[in-house]
Amino acid sequence: MAASAGPEIERLIGLLSKLPGLGPRSARRAALALLKRRDQLLLPLSDALAEAAARVKTCQVCGSLDTQDPCAICSDRSRDPTLVCVVEEVGALWAMERASAFRGRYHVLGGLLSALDGVGPDALRIGPLVSRASDEGVREVILALPATVDGQTTAHYLADRLAGANVSVTMLARGVPVGGELDWLDDGTIAQAMRARRPA
């Protein structure tokens, strides 16, 4: 950090550098932009952060973030309570909602199983998922987890845990993306698309 920066600026840079995608240099540029545009950016951001810290809470049903508990999605009577889509984090839930392709309810795990990172089943919201699937008239649990080693490990573990819940457990399809060209895809994606082929 620059020796001429005061402790307040250094603290701001240090906190910004802890955000995903921001290293020390990016955090320094962001801090300078905020300080240069104090009235347009810094003060409104400060107010928004304080309001979010005071009002946003974790939904006790699904694990999403909202200003109400249960959240707006869990409280929406027009959504199908028999369908539960399991996602890794709230960002994945927001992505699903942007697509407007799902009208059921969600369950946020809070991460993925990872032996390397020391994340076991007790660190995730797996118990509440099994309870929901067993007790709430759920007929299908959709595993919308990343196509990574940890994502697949978590999906297999969840499928085993949900085996006794008398629900259908499905996974999102994998393969060629819309607008994708085969010569630009990796071998694993092509192989998965071939395995998951369906009638034309």
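R132 sits in helix 6, which spans residues 126–135, where helices (H or I, at least four residues) and strands (E, at least two) are DSSP runs numbered from the N terminus. The model is predicted, so that local features need pLDDT of at least 70 and side-chain atom pairs count only at pLDDT 80 or more, while totals for chains, interfaces and linings use all residues. Residues are numbered from 1 along each chain as its sequence is written, and side-chain values use heavy atoms, with hydrogens and water left out.

With a relative accessibility of 6%, R132 counts as buried, a term that means under 20% relative accessible area, as against exposed for over 50% and partly exposed in between (1.4 Å probe, protein chains only). Not counting residues up to four places away in sequence, R132 touches V61, C62, V84, R105, Y106, H107 and V138, contact meaning heavy atoms within 4.5 Å.

Y106, one of the residues that R132 touches, is itself buried at 1% relative accessibility. Rings of Phe, Tyr and Trp (its six-membered ring) are paired if their centres lie within 6.5 Å, with planes under 30 degrees apart counted as stacked, over 60 as edge-to-face and the rest as tilted; by this rule there is one aromatic pair. The ring centres of F102 and Y106 are 5.2 Å apart and their planes stand at 65°, so the pair is edge-to-face. F102 is buried too, its relative accessible area being 9%.

Helix 1 contributes I9, L12, I13 and L16 to the contact, and helix 2 contributes P24, A27, R28, A30, A31, L34 and L35.

The backbone also deserves attention in the loops. D69 and P70 are joined by a cis peptide bond with omega of about 5°, and P70 belongs to the loop between strand 2 (65–66) and helix 4 (72–75). S100, although not a glycine, has a positive phi of about 50°, and at 61% relative accessibility S100 counts as exposed.
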